[in-house]
Amino acid sequence: MHIVDQLLEQGYRVHGTVRDAEKAVWTSKYFKDRYGVGRYTPVSIPDMARQDAFDIAVRGCSGVVHVASVTSMSPDPNEVITPSIAGALNALEAAAKEPAVRRVVYCSSVAAAVSHDRGVRNEITSDSWNMLDFEDAWAPPPYERNRAMAVYASSKMQTEAAVWRWYAKKKPAFVLNTVLPDTLWGRILDLRHQGLPSSVGVLKAIYDSSDFTFLPGYSVDVQDSALLHVAALILPDVSGQRIFAASTPWNVQSLVQLLRGLYPHSNIGGEIPDLGVDQALFTDAGKAEELLRRMGKQGWTDLETSVERTCESFF
């Protein structure tokens with residue numbers, strides 16, 4: 001939604017893929033009310049893993065941003081990883097068949113490059129791949145619930161790797177970039193229809209004192225992440241890049257302190273475990289921040305602002 005919103009704001013027309021007719025109705029209304037008639041067109045794709053799924057959606061488009069992945073959090077890698085890869089490759093194949101397409105962006109994840117919960121100092125570069133979660137994801141069954149996060153992380157890693165392999169083999173006419181966001185916080189565009197995304201649920205659980213067991217990570221404001229996707233799509237000299245959207249480290253202690261400052265009467269309490277700090281070092285994060293500046297921002301949105309925007313949506 002944020003990527004579409006920023007593209008429309010910059011004057012582009014957008015085809016937005018949705019899974020069902022209900023989403024086509026409310027996304028169309030939202031963007032029509034905000035930008036007028038004829039700027040946004042929904043295209044229903046019930047199954048992105050089906051061959052030729054995106055062919056109609058990309059007709060007449062000059063760029064493609066593929067964001068969809070399986071987020072069911074199933075612990076079975078066959079239910080998550082296989083269709084995620086198929087969906088991304090279908091989007092690439094469709095783009096290659098459309099002569100107008102000049103650029104493609106795939107939304108990956110920091111989880112494709114590093115496993116946050118290993119407690120080891122990692123220097124993350126464009127050559128980094130998360131093989132630790134890959135090994136856990138594909139361990140023999142039974143597929144128990146505690147491996148769901150490893151399966152999701154491996155789906156992002158394997159799908160992005162498959163995207164780059166396809167690009168190297170097929171050598172299409174378009175330019176390919178990938179964007180790798182970490183924990184997304186910030187403004188929710190339409191709370192009534194979107195509900196609480198999983199990352200927003202972290203803040204809600206801490207505010208309610210219902211769960212403090214979240215592993216540390218990095219965060220990025222959702223609008224910054226969306227703008228990086230737009231930059232990867234339209235800036236002519238950004239080519240063949242993995243762009244890391246990870247601006248600020250966080251852990252439960254820092255979020256509790258932040259929320260108590262924003263909402264001094266919230267009575268956030270309970271035993272708060274010390275789960276450490278994220279040890280990843282994103283050596284290319286400065287390149288992403290420079291892209292934001294080129295797109296008209298002063299740099300990363302700070303964590304307090306991002307969390308406050310999130311909370312304003314549902315408190």
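Is Asp52 buried, partly exposed or exposed? Asp52 is partly exposed, with a relative accessible area of 40%; here buried means under 20%, exposed over 50%, and partly exposed in between (1.4 Å probe, protein chains only).

A word on the source: this is a predicted model, in which local features need pLDDT of at least 70 and side-chain atom pairs count only at pLDDT 80 or more, while totals for chains, interfaces and linings use all residues. Residues are numbered from 1 along each chain as its sequence is written, and side-chain values use heavy atoms, with hydrogens and water left out.

**Salt bridges**

Side chains of opposite charge can pair when their charged atoms come close. Searching the whole structure gives 13 salt bridges, each a side-chain nitrogen of Lys or Arg within 4 Å of a carboxyl oxygen of Asp or Glu. Three of them are set out here.

| Pair | Closest N to O |
|---|---|
| Asp221 and Arg309 | 3.8 Å |
| Arg294 and Asp237 | 2.8 Å |

Helices (H or I, at least four residues) and strands (E, at least two) are DSSP runs, numbered from the N terminus. Lys97 is partly exposed at 48% relative accessible area, and a network of salt bridges links Asp52, Asp55 and Lys97.

Next, Asp221 forms a salt bridge with Arg309. Their positions are 88 residues apart, Asp221 in strand E8 (residues 217-221) and Arg309 in helix H11. Asp221 is buried, at 1% relative accessible area, whereas Arg309 is partly exposed, at 30%.

**Aromatic pairs**

The structure holds 9 aromatic pairs. Rings of Phe, Tyr and Trp (its six-membered ring) pair if their centres lie within 6.5 Å; planes under 30 degrees apart count as stacked, over 60 as edge-to-face and the rest as tilted. Phe31 and Tyr40 form a tilted pair because their planes meet at 50 degrees, with ring centres 4.8 Å apart. Phe31 is buried at 1% relative accessibility, and Tyr40 is buried at 12%.

Phe244 and Phe282 are also tilted, 5.7 Å centre to centre and 40 degrees between the planes. Phe244 belongs to strand E9 (residues 242-245) and Phe282 to strand E11 (residues 280-282), 38 residues apart. Elsewhere, one aromatic cluster is formed by Trp164, Trp166, Tyr167 and Phe174.
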